[in-house]
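Open the model in your viewer and keep the selection tool at hand. We will go stop by stop.

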Amino acid sequence: ATDKGIALVDRDEDGVDRAFREDVLAGLHHDPKAIPARWFYDAEGSRLFEKITQVEEYYPTRSETEILGARGAEFAELIGPGRAVVEFGSGSSVKTPLLLEAIDPAAYVPLDISGDFLRESAAALGAKFPGLPVHPVEADFMRRVTLPGEVDKLGKLGFFPGSTIGNMVPRTAVDLLRSMRATLGADEGASPLLLIGMDLIKDRAVLEAAYDDAAGVTAAFNLNLVTRINRELGGTMPADAFAHEARWNDDLARIEMHLVATRAVAFEVSGQRFAMEEGETIHTENSHKFTPRTASLLLLAGGWTPLERWTDEQDRFSVILARA
Ligand code: AVJ
């Protein structure tokens, strides 16, 4: 699961995504400038993110996959068979099968705002697990979602891998955790479980390299937002006036990605004028990192009690099992 597409997608008569325009214009008028990270994921952005997960410096995907692959027997023991696995975000072709193979679930329910991503991953999963009922739901999981009636009587396991929770500021993350509780039916009997990936605080150089790889894939991913704005919103942002920056914000324990103006620039987006000074930035993403205690505290604030946590061999990433 990624943070792709958690906005409601409203297409206006020009085929331009209205929510995208509103977020970009509001973000560029804001001081400091900031655009929500979900807008990275157009077709090219999704392709570049897949490439990021394979670069040497970007450890989270490999570390989490290592944990999911190594701990299947423990998942089976703690979670048990026969649950409905509710994945927040459409499943990854690598991580989701590792979980489903380990625990013998009774149903799989992927939730995603993007019908396209959802249908693709549901079809792939269905082919891999022919006996498993798959019930995809196209929905914005930042709010409570009504699950398909077929899984009403089953115990639930929420699955939220990828440290996507880290893209949210704590206030939003807590809201999401509480929505997940409501979606999984925490107030209606059998206590739901949640299996969630949360990335760990580590050496600053390792973190910054993970978000600024030598091959420039993450830079291309960040700069693709400029290309998308120019193409979809009639923008005139000079791509050569922006540089990728990944900085560790130690006070807030997060990697921030910015687009830095390398010289003074003036441009238009959707007919509105903007100017930036040299060195001024557009903040494009947060990726919060956790210690075992801050991860627990966030989960507890969201209504979830941690039961067990696992890390990879190098202690870079954690996967936590919690109960409502
Ligand atoms: C998909 C949100 C987990 O924050 O690590 C990767 C996105 N951004 N490199 C992350 C991302 C730059 C990623 N998440």
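A residue counts as buried if 20 or more other C-beta atoms lie within 10 Å of its own, as exposed if 12 or fewer do, and as partly exposed in between, with C-beta atoms placed from the backbone. Helices (H or I, at least four residues) and strands (E, at least two) are DSSP runs, numbered from the N terminus.

This is a predicted model: local features need pLDDT of at least 70, side-chain atom pairs count only at pLDDT 80 or more, and totals for chains, interfaces and linings use all residues. Residues are numbered from 1 along each chain as its sequence is written.

**Stop 1: helix α3**

Select residues 60-70, helix α3. Buried here are Pro 60, Thr 61, Ser 63, Glu 64, Glu 66, Ile 67 and Leu 68. What do the buried residues of α3 pack against? Show α5, β6 (193-199), β12 (305-311) and β13 (317-323): these are the partners. Contact means that the C-beta atoms of two residues, placed from the backbone, lie within 7 Å.

**Stop 2**

Now select 107-112, strand β3. Five of its six residues are buried. Two strands pair if DSSP finds at least two bridges between them. Val 86 sits opposite Val 109 of β3. From β2, the chain passes through helix α5 (residues 95-103) to reach β3, a right-handed β-α-β crossover. Right-handed means that, with the strands pointing away from the viewer, the path from the first strand over the helix to the second runs clockwise.

Asp 112 has Glu 138 in β4 as its bridge partner. Helix α6 (residues 115-128) carries the chain from β3 to β4, and this β-α-β crossover is right-handed.

**Stop 3: the open sheet**

Select the four strands β1-β11-β8-β7, in that order: they form an open sheet with mixed pairing. Its edge strands, β1 (33-34) and β7 (242-249), each pair on one side only. Strands β8 (residues 254-261) and β11 (residues 281-288) are antiparallel, with seven bridges. Find Val 260, which stands opposite Thr 281 in β11. Then show helix α9 (residues 217-232), which packs on the sheet and touches β7, β8 and β11.

Technical notes. Axes fitted to C-alpha atoms, helices over the stretch in contact; angles between N-to-C directions.
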